[in-house]
Amino acid sequence: MIGLYEDNVLRLRALEPEDLDFLYAIENDVELWDVGNANVPYSRYSLNNYLLSTTSDIYADKQMRLVMEDRKGTPVGLLDIFNFEPRHRRAELGIAVEKSVRNHGYGCKAVRLAIEYAKNVLHLHQLCAVVDICNSSSLKIFQEAGFAKGATLKDWIFDGQRYRDALMMQIFM
């Protein structure tokens, strides 16, 4: 049976201790640093402490990180629901797809599953995502999942050489 967190291609699941090496690889992929707030490598020690300390309760942590895995059980990316604000019934959404499987549809599937979770379980009014205007793949993923372009955030992302604009994208449930 296909549940709320999975479809016939992808499954979203909680992080497990066995995901340490995968988490280490994603967090230390310098190509992904521009789309997030990381700019230093993470140690296995600090990531292991994160795995041990997270409650996996979005109300306590104000965030939730899920592993995206294919039907064979192979991790293909991470999905984050963060900046969770239960009072205003909103949260921010981010995804990171493993380089070798990008453009295979996993990102769009994961975003669609996250929308269903946000709507049916968290009862959110909206999700948003901040996307670099140069990241055409992410823009396409969020647009195909129903997100609309909102405000342009000028000079929002600095890549070490220049500033780039970002789009605030939103979907209302």
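1. Let's start with strand 2, residues 64-70: 7 of its 7 residues are buried, so the strand is largely enclosed by the rest of the structure. Buried here means under 20% relative accessible area, with exposed being over 50% and partly exposed in between, using a 1.4 Å probe and protein chains only. Strands are DSSP runs of E with at least two residues, helices are runs of H or I with at least four, and both are numbered from the N terminus. Both faces of strand 2 are covered: Met64, Leu66, Met68 and Asp70 are buried on one side, and Arg65, Val67 and Glu69 on the other.

2. A word on what you're looking at. This is a predicted model, where local features need pLDDT of at least 70, side-chain atom pairs count only at pLDDT 80 or more, and totals for chains, interfaces and linings use all residues. Residues are numbered from 1 along each chain as its sequence is written, and side-chain values use heavy atoms, with hydrogens and water left out.

3. Who sits beside strand 2? Strand 1 (residues 10-14) pairs with strand 2 in the antiparallel sense over 5 bridges; pairing takes at least two DSSP bridges between two strands. Ala14 stands opposite Leu66 there. Strand 3 (residues 75-85) also runs antiparallel to strand 2, joined by 6 bridges, and Val67 faces Leu78 across that pairing. Strands 2 and 3 make a hairpin with 4 residues between them, and Gly73 in the turn has a positive phi of about 90°.

4. Contact means heavy atoms within 4.5 Å; axes are lines fitted to C-alpha atoms, for helices over the stretch in contact, and angles run from 0 to 180 degrees between N-to-C directions.

5. Over at the strand 6 end, strand 7 (residues 163-172) is worth a look. Strand 5 (residues 126-132) joins strand 7 through 7 antiparallel bridges, with Ala129 opposite Met169. Strand 6 (residues 148-158) pairs antiparallel with strand 7 over 6 bridges. Met169 is the bridge partner of Lys149, while Leu167 is that of Thr152. Strands 6 and 7 form a hairpin with 4 residues between them, where Gly160 in the turn has a positive phi of about 95°.

6. Leu12 counts as buried because its relative accessibility is 7%. Leaving aside residues up to four places away in sequence, Leu12 touches Tyr5, Leu66, Val67, Met68, Ala110, Leu113 and Ala114. The C-alpha atoms of Leu12 and Gln170 are 21 Å apart, with 158 residues of chain separation.

7. Last, have a look at the second largest pocket, which holds about 210 Å³ of space. Of its 15 lining residues, Ala14, Ser56, Met64, Arg65 and Leu66 lie nearest the centre. Strand 1, helix 3 (58-61) and strand 2 each supply at least two residues of the lining. A pocket is an open set of points on a 1 Å grid over the protein atoms alone, where a 1.4 Å probe fits, with protein on both sides within 12 Å along at least five of seven lines; lining residues have an atom within 4 Å of a point. Grid points are joined across faces, edges and corners, and the volume is the space filled by probe spheres set on them.
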